[in-house]
Amino acid sequence: MVYNLPATRLLMNRLRQIMAEDGETRSRLDNVVRLIASTMVADVCSIYLRHRGGTLVLIATEGLKPEAVGNTRLGPNEGLVGFVARRAEPIAIQDAPRHPAFSYRPETGEDPFHAFLGVPILRGGRVIGVLTVQNRTERLYGDEEIDSLQTIAMVLAEIVDRIDPEHLDNGDGQRRARNPASLKGRVFCEGLGYGRAVLHDPVVPAAKFFAGDQEIEIARLNRALVDLKAAIDRMMAIDGAALGEDPRDVMETYRLLAHDQSWAEKLHEGVRSGLSAEASVDRARREHRARLQSARDLYLRERLHDLEDLDNRLLRILGGDEGKPEISEERSVLVARRLGPAELLEYANAGLRGILLEEAAASSHAAIVARAMGIPTLGGIEGLTTRIDQGDWLIVDAEQGTLHVRPDNSLYDAYKARVALRSERQAAYAALRDKPARTKDGRTIKLMLNAGLELDLDMLAPAGADGVGLFRTEFQFLVSESLPSLDDQITLYRHVLDKAAGKPVIFRTLDLGGDKVLPALNQQREENPALGWRSIRFALDHKGLFRRQLRALIRAAGSDPLTVMFPMVTVPAEFDEARDLLLAEMDWSAERTGKRPAKLEIGVMLETPALAYSLKELAGRAEFLSVGTNDLMQFFYAADRMTPHVSDRYDLVFPSALRFLKQVAEDCAVNGIRLSACGEATGSSLSALCFVALGFTNLSMSAGSIGPVKRMIRSLDMTAFQPDFMAALEKPNGSFRNHLLGLAAEHGIELAEG
Ligand code: PEP
Ligand code: MG
């Protein structure tokens, strides 16, 4: 087999013509394999296409027996072809029949061929087929030959995708039926949505595959690479003073990858072989994705993610404005493998009907932004981006955690009925908006909003919230490309106070680390990030950063009241240190500006069980305590909140957790510390019922939960219910949750859950 670049280019030109031609699929494929075999001086060239269940069907060949076409079928793991499909990478073998994976199929007549080269045909990160060449003589194919066959496979992917291997014999190569499918995901933001898929990652249309003028394409690629490096350098140029001497590994790795010659060289080679700059980057992206699908090692996966991010960035630069997905459709559902919060914010005004994310953990910040935007969102959907094509119709059922792809009419009708029901419920909650959250026997509960972005504040009035019970200040950091300056922070906090218009706002100081990792600050890789160098621990070790935030809060408040709380405090000394810093900043600011907040309240979050046993020491210093159930429960039950297999396994509505909270409530009362709760659990009306029964009078939750919780409270007679609740807690009978649901029903309490 003789290989040279001009030959590949010639082949590309011919392929381009074949792709443009009309005509029977079968004869087009025959032309393709003939062309590849002759250009690459191979004795055999064959295309296998993956069919349902992973079977690989021979759909075209030059050199094997023609009668094998349509008849040779290999199991997903069978033979060398199955081996290539499973590994999702090229395999070159000098003497194929002696390879352990070789499987002899007499109908093909392939005995005389020794040398074998197989490459996967990849589309959207999945292997849709395998392209092979074979030679009689024993030889090992070189890197350039392998590259060349991979390039051809990419172009071929556009021709063979959607061909149904079962219908090739019909002569017209019917398009593969795009069946409806239902996929499971985790609900990140509740709701229902219907619309057409818009893929977030740039799509390179087949029409843009081939280079018109090679010199121009090389120049475009070079320019884009320079722009990419400059953009990354800009991201690196963050404020050194705030960072201290921290290593910035993540960004450095990113930069190193962008400067990696072998990556750039591969892209150039793609263009030299006849591809456009976009197609060459796309080729690299397909390979990275395919390797990602099969990579088990976490570190390797991260690097492949980084590489794929770079491919995408480069494609966007090459596409200019066109690189951005167009949300021109009235009904669009955004589909992404993973998405940074800043990227998602760019879609804030696009009128999206839903958001779908493949990755669960890495997308959690995007999930928070999605919640702020109030868009139905599902995450953790395995295989999402490989199952959906641009423009597919989708039903996002972010009530039950199901995505329906290309739904049929009956599903669509069921969806419409659910939407009608949902709007009825929403209307009922809206009617409660201006009514107080007061129990039948006259106890008022404050219902506050959990927020983190300015966007969230827009929900304050429509949700009928009494104020902001948790403002997660770290979100501003997470959604910015570089560290927010003092002025940026002051501006945000002031806007929040202005939008709250006199209603109380509790600012929680920076809670970075754990799942909220900031590449710019790079917390180190940790075995157990949730238990690691995070939150107040991290803030107290980065005093420059922390003091600057405290200063921003004080400046933003001016002469208005200011309420601040510290997250993840484990021992009282951490609270004292943070409080002293705040008070010192206050004096410093007062000296400079002559202004002091009219009132300063300092509180603490209860997120580690240890702190529950130190409340005595906080008496007189912490005005209030807010139970952060998300972290508290993961430490109480030793169950990672980010690991789907265990995160929902243990229930707050369970005697041990509730007895613990009961003790906390009693200790707070004894020590004169005001008590409240934030965290996801407050948003479930059954958990909220438990909090209220334990004596909590202040609950903070996301906007969508306020209506259902208020309805529950207004249906509750505490005087009647509390004794039964306490008795059940002391002497549980069977499943506590079921027992409680029964009690609630007996007392006529209206729960959203049932
Ligand atoms: C919590 O842990 O309950 C909490 C409110 O904080 P976050 O979810 O931001 O960690
Ligand atoms: Mg927390």
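Predicted model: local features only at pLDDT ≥ 70, side-chain atom pairs only at ≥ 80, totals over all residues.
Q: Why are α23 and α25 called oblique to each other?
A: Helix α23 (residues 629–636) and helix α25 (residues 655–671) pack at an angle of about 120 degrees, with their axes 12 Å apart. Angles from 65 to 115 would be roughly perpendicular and those over 145 roughly antiparallel, and therefore this pair is oblique. The crossing of α23 and α25 is right-handed.

Q: What makes the contact between these two helices?
A: From α23 come Leu632, Met633 and Phe636, while α25 brings Ser656, Ala657, Phe660 and Leu661. Sorted by class, that gives 6 nonpolar residues, 1 polar and no charged ones.

Q: How do you know which residues are the protein donors of the magnesium ion (ligand 2)?
A: A donor is an N, O or S atom within 2.8 Å of this metal. Glu607 (OE) and Asp631 (OD) lie 2.0 Å from the ion, and they are its protein donors. They come from distant parts of the chain, 24 residues apart: Glu607 sits in the loop between β19 (600–606) and α22 (615–618), and Asp631 in helix α23. Both Glu607 and Asp631 are buried.

Terms used. Residues numbered from 1 in each chain as written. Chains lettered and ligands numbered in written order. Heavy atoms only, no water. Donors = N, O, S within 2.8 Å, 3.2 Å for Na, K, Ca; no water. Helix = DSSP H or I, 4+ residues; strand = E, 2+ residues; numbered from the N terminus. Buried < 20%, exposed > 50% of the residue type's maximum accessible area, 1.4 Å probe, protein only. Axes fitted to C-alpha atoms, helices over the stretch in contact; angles between N-to-C directions. Parallel < 35°, antiparallel > 145°, perpendicular 65-115°, else oblique. Left-handed = near helix turned anticlockwise from the far one by under 90°. Contact = heavy atoms within 4.5 Å. Nonpolar A, V, L, I, M, F, W, Y, C, P; charged D, E, K, R; others polar.
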